[in-house]
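Subject: Structure for your review

Dear colleague,

Please find the structure below, followed by a summary of what was found in it.

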Amino acid sequence: MRQGCILSPFPFNLYKETATREALEGYNKEFQLGGRLINNLRYADDVVLIATSPEDLQELVNQVSEKIGLLIISDKTKVMVSVTNEINRPTKISLNGEDLEEVESFVYLGSIFTGDVSCTDDIRKRLALGRSVMQSLSSIWRSKDISTTTEIRLLKALVCMVSSNLWV
């Protein structure tokens, strides 16, 4: 297959999914989130590894990097601690002999994750994005050629992901 072929993401995702499952096979140290036990989040070529201690995270990074067979780029790989540890020291996680950078927050699939487990920054970002979209449509909102019904339908489509029966 050539780059740009409509089918090219399929074999990559199939290979990565299979390799990741094999790398995590037998790893039973998981984190409970929403009633489910997880140790990773995966979407396309983005993988987030989740552990409850620095030691478990190092073990998970080692297991994935040794077994997966894909190049993991140290410069693009970051570490984030979601709660303050008792000693308040940096978490040292290494990959291929290099210490990974510890960050205060990161963006994953458009959402901002922070170490204090709050979502204030993410909410502010999403509100600002919504505000900018609404302002970019100001000519439509001021137009006399568009009915109020159409404006309401457009507003529902842009902003409100609630069922139609909640609207008057």
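In this predicted model, the side chains of Q58 and N62 make a polar contact at 2.8 Å. A polar contact here is a pair of N or O atoms within 3.5 Å; within protein, one must be able to donate a hydrogen and the other to accept it, and residues adjacent in sequence count only if both atoms are side-chain atoms. Q58 is placed in helix α2; helices (H or I, at least four residues) and strands (E, at least two) are DSSP runs numbered from the N terminus. With a relative accessibility of 17%, Q58 counts as buried, where buried means under 20% relative accessible area, exposed over 50% and partly exposed in between (1.4 Å probe, protein chains only). Leaving aside residues up to four places away in sequence, Q58 touches K92, I93 and S94; contact means heavy atoms within 4.5 Å.

As to how the model was treated, it is a predicted one, in which local features need pLDDT of at least 70 and side-chain atom pairs count only at pLDDT 80 or more, whereas totals for chains, interfaces and linings use all residues. Residues are numbered from 1 along each chain as its sequence is written, and side-chain values use heavy atoms, with hydrogens and water left out.

Turning to charged pairs, side chains of opposite charge can pair when their charged atoms come close. A search of the whole structure finds five salt bridges, a salt bridge being a side-chain nitrogen of Lys or Arg within 4 Å of a carboxyl oxygen of Asp or Glu.

One of these salt bridges joins E17 and R42, with the closest N and O atoms 2.6 Å apart. This pair links distant parts of the chain, since E17 belongs to helix α1 (residues 9-24) and R42 to strand β3 (residues 40-43), 25 residues apart. E17 is partly exposed at 25% relative accessibility, and R42 is partly exposed at 28%.

E59 and K29 also meet through their side chains in a salt bridge, at 2.8 Å from N to O. Here, too, distant parts of the chain are linked: E59 is in helix α2 (residues 54-67), K29 is in the loop between α1 and β1 (31-33), and the two are 30 residues apart. The relative accessibility of E59 is 34%, so E59 counts as partly exposed; K29 is partly exposed, with a relative accessible area of 34%.

A further salt bridge brings together the side chains of K78 and E101 (3.0 Å, N to O). Because K78 lies in strand β5 (residues 78-79) and E101 in strand β8 (residues 101-102), the pair ties together parts that are 23 residues apart in sequence. K78 is partly exposed at 37% relative accessibility, as is E101 with a relative accessible area of 44%. Salt bridges that share partners also join E17, R21 and R42 into one network.

On the surface, M1, I6 and L7 form a nonpolar patch with about 410 Å² of accessible area together. Patches are made of residues with over 30% relative accessible area and no salt bridge, like charges being joined within 9 Å and nonpolar side chains (Val, Leu, Ile, Met, Phe, Trp, Tyr) within 5 Å. Accessible areas come from the Shrake-Rupley method with a 1.4 Å probe; for residues, only the protein chains shown count as cover. M1 is found in the segment before α1 and, at 69% relative accessibility, counts as exposed.

For the protein as a whole, the secondary structure comes to five helices and ten strands. Buried residues make up 21% of the 168 residues.

Yours sincerely
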